[in-house]
Amino acid sequence: MDYEGFKGAVFKLTSIDLNAYKEQQMKRRIDTLISRHKISGYEDFVKALKDDKELFEEFVSYLTINVSEFYRNPDQWELMDKQFIPELINKFGKNLKIWSAACSTGDEPYSLVMALSRHIPLNQIKIIATDIDKQIIAQAKVGIYNEKSLAGVPKDLRDKYFTKIGNSYQISNEIKSRVEFKQHNLIKDPYPDKCDFIVCRNVLIYFTEEAKDDVFKKFCASLKTGGYLFIGSTEQIMNHKDMGYERKNSFYYERVI
């Protein structure tokens, strides 16, 4: 089985379309994993994935590159606090529909709840958080993080919403209960509609230009007119005007059509 055949087999098994990822980078990652498990080639690896649940879960987790931390790029979160959350409340009221896409281990949606809690009562906050990786979603629901992940959290929020357990920290149920986690594939699944705010950061850098454009177009269609998209510090939407966005800041875009 060659790599093309392997991509087809993986799609049947996982619904993950490897064509959406940069091929050289992803193939290298997969070859490294196969070699680490001392498996001889793609065909045997596919058989092993079908027979070994632990290997299957490890493979999905390995494909969905999970690097996350709370309040990543704190200056952008400060801008959200000072400018964009007040603007959203002014436009749409306090019952905002917010989607954290490709949410990884939950740091981002939980950061959103904490940021919003400065402006909106907790019981009015609801975040939809999605990721392709079931294992990562399960981890996010537990809500235990190392100290390094919490480096960017403002001290008052850290003191209020985290409990130290050994060398780790657990986020409070008050915050966890405001997030609804779901499995979702950005390439093939339907998107939530009528969103006021979508956050998807540092994920699409692993996608091809074509897949990236497709996702940005779908995000725009998912937003209400006047809603915002918040992307990562390593990303930009090259043809944002053609898609219906106006750039409000380096990493914030507004749907204007």
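T130 is buried, with a relative accessible area of 3%; buried means under 20% relative accessible area, exposed over 50%, and partly exposed in between (1.4 Å probe, protein chains only). The model is predicted, so local features need pLDDT of at least 70 and side-chain atom pairs count only at pLDDT 80 or more, while totals for chains, interfaces and linings use all residues. Residues are numbered from 1 along each chain as its sequence is written, and side-chain values use heavy atoms, with hydrogens and water left out.

**T130 and its surroundings**

T130 belongs to strand β2 (residues 127-131). Helices (H or I, at least four residues) and strands (E, at least two) are DSSP runs, numbered from the N terminus. The side chain of T130 makes a polar contact with the side chain of W99, at 2.9 Å. A polar contact is a pair of N or O atoms within 3.5 Å; within protein, one must be able to donate a hydrogen and the other to accept it, and residues adjacent in sequence count only if both atoms are side-chain atoms. Leaving aside neighbours within four places in sequence, T130 is in contact (heavy atoms within 4.5 Å) with W99, S100, A101, A102, C103, K182 and H184.

K38 and N202 are residues other than glycine, and each has a positive phi.

**A hairpin**

Strand β9 (residues 245-249) and strand β10 (residues 252-255) run antiparallel and are joined by four bridges. Two strands pair if DSSP finds at least two bridges between them. The hairpin that joins β9 to β10 passes through two residues. N249 stands opposite Y252 in β10.

**A nonpolar surface patch**

V142, I144 and I165 form a nonpolar patch on the surface, with about 230 Å² of accessible area together. Accessible areas come from the Shrake-Rupley method with a 1.4 Å probe, and for residues only the protein chains shown count as cover. I144 lies in strand β3 (residues 144-146) and counts as partly exposed, at 38% relative accessibility.

Notes:
Patch = residues over 30% accessible without salt bridge, like charges linked within 9 Å, V, L, I, M, F, W, Y side chains within 5 Å. Salt bridge = Lys/Arg side-chain N within 4 Å of Asp/Glu carboxyl O.
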